[in-house]
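Morning, everyone. I have one chain to go through today, and I will keep to what can be computed from its atoms.

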Amino acid sequence: MKKKYEQNRLFWRDFLTSQTSLFNELTNSEKDKILNSILVFYSEKKWHESIEEEQRILTSYYACLPIFKRKTNFYPGIKSIDSAWPFEKWLKFNEKQFEIDFGKLALKEMNGDFSKLSLMYFERAPELASSRPTIYENLNKFYRFHLKD
């Protein structure tokens with residue numbers, strides 16, 4: 001698996017650089033770490049044959065981005081991927097862990113918008129930090145990105 005990964009590593013890095021703005025903001029160390037996470041996720045899941053390589057990489061990236069800085073498994077309840085799932089769907093899978101880590105009250109403050117606010121955290125962190133500072137701080141502690149700076 002390592003040999004195949006090394007062959008694909010540059011392609012994955014270039015592809016993610018061209019497709020996602022947040023990947024470009026990661027340090028080289030973080031890029032290496034998420035690429036390692038993508039490798040594990042990509043290899044562990046059974047992919048439907050209709051999903052093209054680029055969509056597999058992007059889906060793997062979206063799945064790994066919320067978890068690669070945390071100690072957690074790679075969605076053990078998900079054995080196969082039958083379509084290219086959007087980032088917001090992967091964020092939703094992290095809602096239960098957020099509740100465990102921060103409590104029901106912190107989750108209740110999000111008014112059922114955990115995945116929407118998480119998406120805002122990743123895409124528009126300064127806006128979330130100024131409009132909902134407590135939620136921003138909780139998501140910062142949860143995802144460990146510190147995106148406001």
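First, the ground rules. This is a predicted model, so local features need pLDDT of at least 70 and side-chain atom pairs count only at pLDDT 80 or more, while totals for chains, interfaces and linings use all residues. Residues are numbered from 1 along each chain as its sequence is written, and side-chain values use heavy atoms, with hydrogens and water left out.

Now the layout. The chain has 10 helices and two strands. Helices here are DSSP runs of H or I with at least four residues, strands are runs of E with at least two, and both are numbered from the N terminus. In sequence order the pattern reads α-α-α-β-α-β-α-α-α-α-α-α.

On dimensions, the C-alpha atoms fill a box of roughly 45 × 30 × 25 Å along the principal axes.

Of the 149 residues, 48% count as buried. Buried means under 20% relative accessible area, exposed means over 50%, and partly exposed is in between, with a 1.4 Å probe and protein chains only. The accessible surface of the chain is about 8,500 Å², and carbon and sulfur atoms hold 49% of it; these areas come from the Shrake-Rupley method with a 1.4 Å probe, and for residues only the protein chains shown count as cover.

As for contacts, meaning heavy atoms within 4.5 Å, take those with a separation of 6 or more: residues 24 or more positions apart account for 57% of them.

Next, charges. Side chains of opposite charge can pair when their charged atoms come close. I call it a salt bridge when a side-chain nitrogen of Lys or Arg is within 4 Å of a carboxyl oxygen of Asp or Glu. How many salt bridges does that rule give? The count is six.

One of them joins R13 and D32, with the closest N and O atoms 2.8 Å apart. R13 sits in helix α1 (residues 2-19) and D32 in helix α3 (residues 28-44), 19 residues apart. D32 is partly exposed, at 29% relative accessible area.

Another pairs K69 with E30, at 2.5 Å from N to O. K69 is in the loop between α4 (53-64) and β2 (80-81) and E30 is in helix α3, so this bridge ties together parts that are 39 residues apart in sequence. K69 counts as buried, at 18% relative accessibility.

R124 and E127 also form a salt bridge, at 2.9 Å from N to O. Both ends are partly exposed: R124 at 37% and E127 at 39%. Elsewhere, salt bridges with shared partners join R9, R13 and D32 into one network.

A word on α4. This helix has 12 residues and reaches 16 Å from its first C-alpha to its last, close to the expected 16 Å at 1.5 Å a residue. The expected span is 1.5 Å times one less than the number of residues. Among its buried residues are R56, I57, L58 and Y61.

Now the aromatic side chains. A search of the whole structure finds 27 aromatic pairs. Rings of Phe, Tyr and Trp (its six-membered ring) pair if their centres lie within 6.5 Å; planes under 30 degrees apart count as stacked, over 60 as edge-to-face and the rest as tilted.

F98 and F114 form a tilted pair, 5.3 Å centre to centre with 50° between the planes. F98 is in helix α6 (residues 95-102) and F114 in helix α8 (residues 114-123), 16 residues apart. Both F98 and F114 are buried.

Y121 and Y143 are stacked, at 5.7 Å and 25°. Y121 lies in helix α8 and Y143 in helix α10, so the pair ties together parts 22 residues apart in sequence. Y121 is buried at 0%, and Y143 is also buried at 0%.

That brings us to α10. N138 lies in this helix, residues 133-143, and counts as buried at 13% relative accessibility. Leaving aside neighbours within four places in sequence, N138 contacts F98, F102 and A106. The cover over the buried residues of α10 includes α5 (87-92), α6, α7 (104-108), α8 and α9 (125-131). After α10 comes R144, with a positive phi near 65°.
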